[in-house]
Amino acid sequence: MVGIYLSHPNLTVVFSRRTVRLHVQCVARTGMVYPNPAINEGKPMQLSWLRPLLIVVTGWILTQTVSAQTNPWMNTALSPDQRANLLVAQMTLDEKITMVHGVSGQYMGNVAGNSRLGIPALHLQDGPAGVGDGAMDVTALPAPIALAASWDAGLARQYGAVMGAEARGKGVHVLLGPMMNMVRVPQSGRSFECFGEDPFLSAAIAGAEIQGIQGQGVIATAKHFAANEQETDRETESSDVDERTLQEIYYRPFHTSIRSGLGAVMGSFNRINGTYACESPLLNTVLNKTWGFDGFTVCDWGASFGTEAGANNGLDLEMPLAERFGNLLKTAVQSGSVPLSQLDNMVHRILAAMFRFGIFDNPTTGTLASNVTSGAHTQFARNAAAQGIVLLKNTGALLPLNTNAIHSVAVIGSAARENVLSVGTGSGEVYLSYYNLPFDAIASRAGPSVTTAYSQGDGGHIAQAVQLAQQSDIAIVCVGEQTGEGADRSSLSLPGDQDALINAVAAANPRTIVVLYAGAGTLMPWIGQIPAALVAWYPGQENGNALASVLFGDVNPSGKLPVTFPTNASQVPASTPAQFPGINGHVSYSEQLQIGYRWYDASNASPLFAFGHGLSYTTFAYSNLTVGAVSPSGQAAIGLDLYNIGNRAGSEVVQLYLGFPPGAGEPPRQLKGFKKVFLSAGATAHVNFTLIWEDLACWDSLMHQWTVPPGTFQVMLGASSRDIRLAGSFGISIPPPASSVANAALHQSISVSSILNTNFPSSAAADGDPTTRWSSLTNGLQWISVDLGGMKQIARVRLSWDTNYARSYQILVSSDNIQWTNLYTTTNGIGGLEDIVVTGSGRYVQISAAQSSSPLGYSLQEFEVYPPEPTLSITASGTNTFLIRWPLSWSGFGLQQNSDLNSSNWIPVTNTPTTIVGVNQVVLSATPGNKFYRLKHP
């Protein structure tokens, strides 16, 4: 007799080495999940809950006006998806094929336009640190690693806005950045393009930058998906990484970027667990299905993938030409190996993004020859570079330099004049319209009362440098290494005789300051011999001016390390040849979650400079920690007071680290929040953090979902990962319920009762950007409603309020936008972030507010809706019957039963499922012997 069974699915996708057929199994039994017996025959991969696709893409420009009367897809009253659907329906097969591959042209990437249908051409250009690929008359911003060192999301948004504005001014529609791979190994040649070694920091900076780029009407491209952390053998190596590590470390910035409204994702060159990334099922199952990505995917230039595998698994656009998505794809569609519907989806995603970002309706008139720089952009570049400089050491308060107390300065090292290191190389390189030399800027800032002299020093000129250092009050030694795309560093040491130069100068002058230009952690065997050191990364076109402003105290340093600096070459998490650079084409990510500072903490190793470290010319004190109880939805409020007890104004980055219960298998501490706070001398600020259930969750590789472990969580706040000032804890006995991590409301149609004005439209509440908002015209009875596009189960509603929030409101759902059911009511709304667990279903979700916190109405930054975490559930439905349910979005899966889990004799269940809201269900008789059930894809 079959009893009552409750379970979650165990989903295993097996990629055969000889075929591209996918086998998916889902086995349910009492409270247990069993692995697929076929797992040893192929490559295991996660398959997540499938959800309907909302698709987006990008385009180029055609200088003609297309009438909405002639072409209905030009009706701006329709949604981007509706417009894309209308346009795809009018396209021939050849026209569709033209939309999914590149052609030759002036830009780095080019997609041909369509004059018959009024489709603009599409221009793609590199842009991690400014408009790249040799484009002139642009602003060379500091490298992304320097931006990450600012730990300032607001600055990152401005950074993106400058790049987006200049890209648009150049006629670019798709900016190929930001790069959000992790600095897994400091040897990586492209570390300067990344945002460091921590997924939380990387996600926060990347998400803000994307919002800045896309706020200018340019599509941002998150790259490179995924596990692309080295240049060595990047086009062939397999990054062998387990599911949990992918989810918790390497996916995090990409997922956050999608929540930020991202328009495009670039697939990487490498293989992931044996399968090339650009043909991996992860494109579909993770990006589109699990995270609800409604943008398009593009391959890295010339990346390997099969025509059918790439198209069927979620790749939308081939670059730079039509090697596989031209005639080969057309033949595959005609033969049926790639369904026409899949090609339609690919084209739809591209077109929908073009509509969403105004490429049809608001075309740019810029060209690659346009001059897009400005004085404001130059000033921003200088400020951003200064904000990213990290003061590593300052013994005896040698810095800032006081021109009234010194008479002579020696500036030493070719990095100060002959071989200036301002930008990284490769696709991340930006054209420098001028060279702002460190020596010139230091001499200018020091003024005529201070003698400033230069010696190259390195390259066999150490003796002259020593002589100059001996004659000077201060010696500033500028050193570094040029890195870039295409090659990894051969060593973590400075190249040439730069270490010897520093030692010699330090011995000659006890007031020696070292300035390091680098893209990641670098060995400093001389650090004990000098009183002061800074890392300036690759600071862009305002290199010298930014450095001088910090050296002389015009800018108080506030940068913090986004990477750990090791003491020696073996003190790195990936220290074996198997881990880096790999053996026989395989790179083992065997360190798993222990990347960066997590490895140092778990290994009780003391780094030279810890992740998050950075000094200031003033002093900050922390006190009065408060840790709130965890709400039923998984929210926890953390607060503290921050004091500037020094005599200078400055900014401090308050960092929140979380320690998980011991049984969770997590590293000792993980960054889960940070805030950059500016304080005048003697001033105080109260700093608040809000944790949500996702901050508390770990990835369960057996259940293939996020779960919150019960137990005690340690809360640690401080100035770095190794400088914890306050500590507390909170406990969880009943874990908050999980939900899907795909925001079903993102980019969906929004209706409201009123708007304050056109600056605060309804769409701003569903764009993924918390800096935009919907504001109502009045307070009192007002509402905002989102159309999810179809009936969905609803498990969580997340509201991000601006200052004017609702004290009294209801959450309502409806299937027809007429009859409403109340899911939640409160008269004690607290504003800020409100994460609310609900149970219900509907196509429309409405917030109906009755009382505002102020007389100015309501301002809602983000309105998010999350379905429940999918399960294959078995419950009793009668005396001798039971009910099996699974998500409707798992289309194409067949239900099977068996009396023995290990037997191959699985029998199809022939009962026709019925459909309710988002769910297939079957009622079965309790047949003796059949104890196991699974879903299997043909």
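Averaged over the protein chain, pLDDT comes to 90, and 90% of the residues score at least 70; pLDDT is the predictor's confidence in each residue, from 0 to 100. This is a predicted model, where local features need pLDDT of at least 70, side-chain atom pairs count only at pLDDT 80 or more, and totals for chains, interfaces and linings use all residues. Residues are numbered from 1 along each chain as its sequence is written, and side-chain values use heavy atoms, with hydrogens and water left out. One stretch to treat separately is residues 1-66, where pLDDT stays under 50. For that stretch the model has 248 contacts beyond four places in sequence, a contact being heavy atoms within 4.5 Å.

Buried here means under 20% relative accessible area, exposed means over 50%, and partly exposed is in between, using a 1.4 Å probe and protein chains only. The helix and strand labels are DSSP runs numbered from the N terminus, with helices being H or I of at least four residues and strands E of at least two. The buried set in α6 includes Glu243, Arg244, Glu248 and Tyr250. What covers these buried residues includes the helices α5 (199-214), α7 (252-259) and α17 (597-603), along with the strands β10 (271-272), β25 (698-700) and β26 (705-707).

Two of those covering helices, α5 and α7, also pack on each other. Their axes are 8 Å apart and the packing angle is about 30°; axes are lines fitted to C-alpha atoms, for helices over the stretch in contact, and angles run from 0 to 180 degrees between N-to-C directions. The pair α5 and α7 is therefore roughly parallel, since angles under 35 degrees count as roughly parallel, over 145 as roughly antiparallel, 65 to 115 as roughly perpendicular and the rest as oblique. α5 passes α7 in a right-handed crossing. A crossing is right-handed if the near helix is turned clockwise from the far one by less than a right angle, and left-handed if anticlockwise. On the α5 side, Pro199, Phe200, Ser202, Ala203, Ala206 and Ile210 meet Arg252, Pro253, Thr256 and Ser257 of α7. These contact residues divide into 6 nonpolar, 3 polar and 1 charged. In that scheme Ala, Val, Leu, Ile, Met, Phe, Trp, Tyr, Cys and Pro count as nonpolar, Asp, Glu, Lys and Arg as charged, and the others, Gly among them, as polar.

Ile462, Ala465, Val466, Ala469 and Gln470 in α14 meet Ala500, Leu501, Ala504, Val505 and Ala508 in α15. The residues of this contact divide into 9 nonpolar, 1 polar and no charged.

Next come α12 (residues 375-388) and α16, whose axes come within 8 Å and cross at roughly 50°. That makes α12 oblique to α16, and the crossing is right-handed. Arg382, Ala385 and Ala386 in α12 meet Asn545, Ala546, Ser549 and Val550 in α16, a contact made up of 4 nonpolar, 2 polar and 1 charged.

Now for the backbone. Most residues other than glycine have a negative phi, and most peptide bonds are trans. A cis peptide bond joins Lys223 and His224, with omega about 0°, and His224 lies in strand β7 (residues 219-225). Another cis bond joins Phe580 and Pro581, with omega about 5°; Pro581 is found in the loop between α16 (543-551) and β19 (586-588).

As for phi, Asp133 has a positive value near 60°. Asp133 lies in the loop between β5 (122-126) and α3 (144-150), and is partly exposed at 29% relative accessible area. His747 also has a positive phi, about 65°, in the loop between β28 (723-732) and β29 (749-752). His747 is buried, at 17%.

Last stop: Ala621, in strand β20 (residues 620-627). Ala621 is partly exposed, with a relative accessible area of 22%. Leaving out residues up to four places away in sequence, Ala621 touches Asp641, Leu642, Tyr643 and Ile645. Ala621 and Arg725 are 104 residues apart along the chain, with their C-alpha atoms separated by 8.3 Å.
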